[in-house]
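Q: I would like to learn how to read the features of a protein model, step by step. Could we begin with what a contact is?

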Amino acid sequence: MKTSIATVCIAGDLREKLAAIAAAGFDGIEIFEQDFITFDASPREVGAMVRDHGLEISLFQPFRDFEGLPEPERARAFDRMERKFDLMQELGTDLVLVCSSVHPKALGGIDRMAGDFRELGERAARRGLRVGYEALAWGKHVWDHRDAWEVVRRADHPNIGLIVDSFHTLGRKIDPDTIRSIPGDKIFFVQLADAPMIEMDLLYWSRHFRNMPGEGDLNVTRFTRAVAATGYDGPFSLEVFNDQFRGGSPRAIALDGHRSLVYLLDQVKRAEPDIAVEVPDIPPRIKPEGVAFIEFAANEEEASLLRTLLSSLGFRLAGKHIAKQVEVWQQGEIRIVVNTDPEGFAHTAHIAHGLNICDVGLTVESAQATVERAAALGATPFRQAVGPGELEIPAIRGVGSGLLHFIDRQSDLNDVWRIEFTPVEGDSAPDGGLTRIDHIAQTMNYEEMLTWSLFYISLFETEKLATVDVVDPGGLVRSQALESPDGALRVTLNGAETHRTFAGRFIADSFGSSVQHVAFATDDIFATAAALNGSGFTGLPVPENYYDDLSARMGLEAEFVDRLRGANILYDQDAEGAFYQMYSRTFGDGIFFEIVQRENGYGGYGAPNAPFRIAAQRRLGPAPGMPKF
């Protein structure tokens with residue numbers, strides 16, 4: 001499997017781009033002409049610099065407006081290409097991309113264009129070079145890969161081949177399976193990009209909104225399966241034009257790109273096992289079985305207040321660590337770990353972020369397979385020293401430099417609570433009826449959302465739901481939910497575009513901590529509300545105006561609305577069922593708990609209620625400069 005990426009995909013000058021691309025694990029680059037022209041070095045020096053990074057120049061691009069021109073424009077096009085051939089030989093690459101013409105004087109005609117490429121093939125052959133022809137989705141006469149292939153077929157020259165691009169095919173809604181009939185040895189290069197499904201001008205969509213495979217809505221997997229089925233075994237390359245990426249971290253974007261290709265080709269190999277491409281053998285996407293624990297990093301004062309809150313929610317102290325200042329609080333299947341130990345990762349996380357959720361434990365089919373797949377996808381493994389009697393639980397770095405630990409039932413990892421913790425007897429706190437963790441909400445800057453959605457869907461058996469815009473008085477927050485098919489793992493990624501929003505303030509105040517809230521499930525939220533009311537829990541008050549509007553908007557019975565109002569419960573419904581929500585007040589730098597009940601297959605997260613919840617939280621939030629718990 002050869003992986004490549006166009007230098008235009010990421011920010012920086014050419015030297016910065018090469019360093020990022022090499023560090024991410026790519027084999028080669030498409031050198032974009034503008035990146036070369038703006039770099040102050042000779043073609044031979046640039047070629048040497050690329051190879052010094054352990055990369056090859058897989059493709060030089062683009063050459064525009066070549067085929068179907070009248071004289072004298074035709075002669076000038078050949079002269080331009082001869083000069084590019086000189087440059088390619090200096091750089092040390094043998095393949096150039098010619099994209100279909102948009103020249104106003106281009107005449108079209110399959111035979112005329114094929115004749116131009118036949119002559120170009122002769123010139124390329126004399127230099128040991130090759131030419132690939134690509135159909136631009138907005139080409140004047142050729143905008144379909146089938147037409148481009150017909151030009152190449154009629155040119156009938158070994159040095160002329162086809163270049164296919166997922167965006168141009170899928171953006172035009174062309175059936176990608178039509179590629180399967182093209183001989184694999186006549187496909188010289190494959191370019192890949194995804195994109196959100198937006199109805200707009202093709203050229204503008206292409207130049208500003210492409211993203212990595214798996215980050216958008218196009219069926220890039222089906223496209224790549226079709227290509228692989230031809231017998232093609234050359235480079236798979238990313239060509240992504242995205243305004244956000246151009247201003248992002250070169251290393252982060254390059255890593256995302258490599259992860260997207262590994263994930264994509266792994267999925268293709270599983271669907272098309274007889275393809276010629278040699279794809280690394282890695283474990284399949286991991287089936288999550290649930291959230292095993294949530295871990296807080298705290299100092300003693302914060303831990304004392306957190307214990308009070310947990311007790312009011314019906315949690316009981318279930319165990320204390322055999323060697324560390326760590327406690328586990330439990331209710332139903334939910335385990336909350338409170339870590340005040342003066343050493344280790346949690347302590348470091350507390351120094352960086354204050355009170356925060358530093359670690360999330362997930363139950364999976366196989367912890368070892370999970371870390372193996374994560375490593376293949378470029379995730380950062382995590383290890384710290386373990387003491388006598390402690391288990392080494394596999395872990396990787398996650399959002400905001402927090403940790404993801406993995407526990408399975410096929411080893412002794414699932415017995416960590418018995419092995420590492422001494423049971424605490426006699427805690428008889430009243431149960432609140434909380435059963436399991438429904439979802440975890442991770443907050444980040446908006447530009448990080450694509451990175452982390454790709455992280456989750458490439459590692460776990462999860463799918464993306466439609467992105468939701470949440471209106472905050474201080475701006476807009478984008479919310480993307482990811483779910484396993486059975487709902488065992490639900491994660492919402494909330495991207496803040498400004499620090500004026502409630503989510504953005506959390507990022508700023510916590511210095512980038514990720515998990516802002518955890519939602520607990522209950523089977524009877526009214527019974528839970530009554531139980532918590534009797535245990536000293538103080539929830540988030542919801543304004544009267546909300547219930548007046550709810551009654552009018554949904555036509556609910558007055559008695560039912562009064563029950564919601566009396567318990568400060570928010571309500572939503574969809575075509576399948578109903579959803580109930582209630583909240584704790586915020587603590588720390590804006591952390592909070594949510595309690596939810598899903599009825600009859602409700603599939604959302606109460607997004608219509610988010611503006612009301614945020615407004616209530618802002619009203620009760622501390623004024624700037626005031627101490628927070």
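A: Contact means that heavy atoms lie within 4.5 Å. Keep in mind that this is a predicted model. Leaving aside its neighbours within four places in sequence, arginine 613 is in contact with Phe502, Leu540, Leu570, Tyr583 and Phe592.

Q: Where is arginine 613 found, and which side chain of opposite charge is nearest to it?
A: Arginine 613 is found in helix α21, which spans residues 610–620. Although arginine 613 is buried, it has no salt bridge, and the nearest side chain of opposite charge, that of glutamate 594, is 6.7 Å away.

Q: How should I read a salt bridge, and how many does a search of the whole structure find?
A: Side chains of opposite charge can pair when their charged atoms come close. A search of the whole structure finds 46 salt bridges. In one of them, the side chains of glutamate 82 and arginine 123 meet at 3.3 Å, N to O. Because glutamate 82 lies in helix α4 and arginine 123 in helix α5, the pair ties together parts that are 41 residues apart in sequence. Both belong to a network of salt bridges that also links Arg74, Asp86, Asp116, Glu119 and Arg127.

Technical notes: Residues numbered from 1 in each chain as written. Predicted model: local features only at pLDDT ≥ 70, side-chain atom pairs only at ≥ 80, totals over all residues. Heavy atoms only, no water. Helix = DSSP H or I, 4+ residues; strand = E, 2+ residues; numbered from the N terminus. Buried < 20%, exposed > 50% of the residue type's maximum accessible area, 1.4 Å probe, protein only. Lys, Arg positive; Asp, Glu negative; His and termini not counted. Salt bridge = Lys/Arg side-chain N within 4 Å of Asp/Glu carboxyl O.
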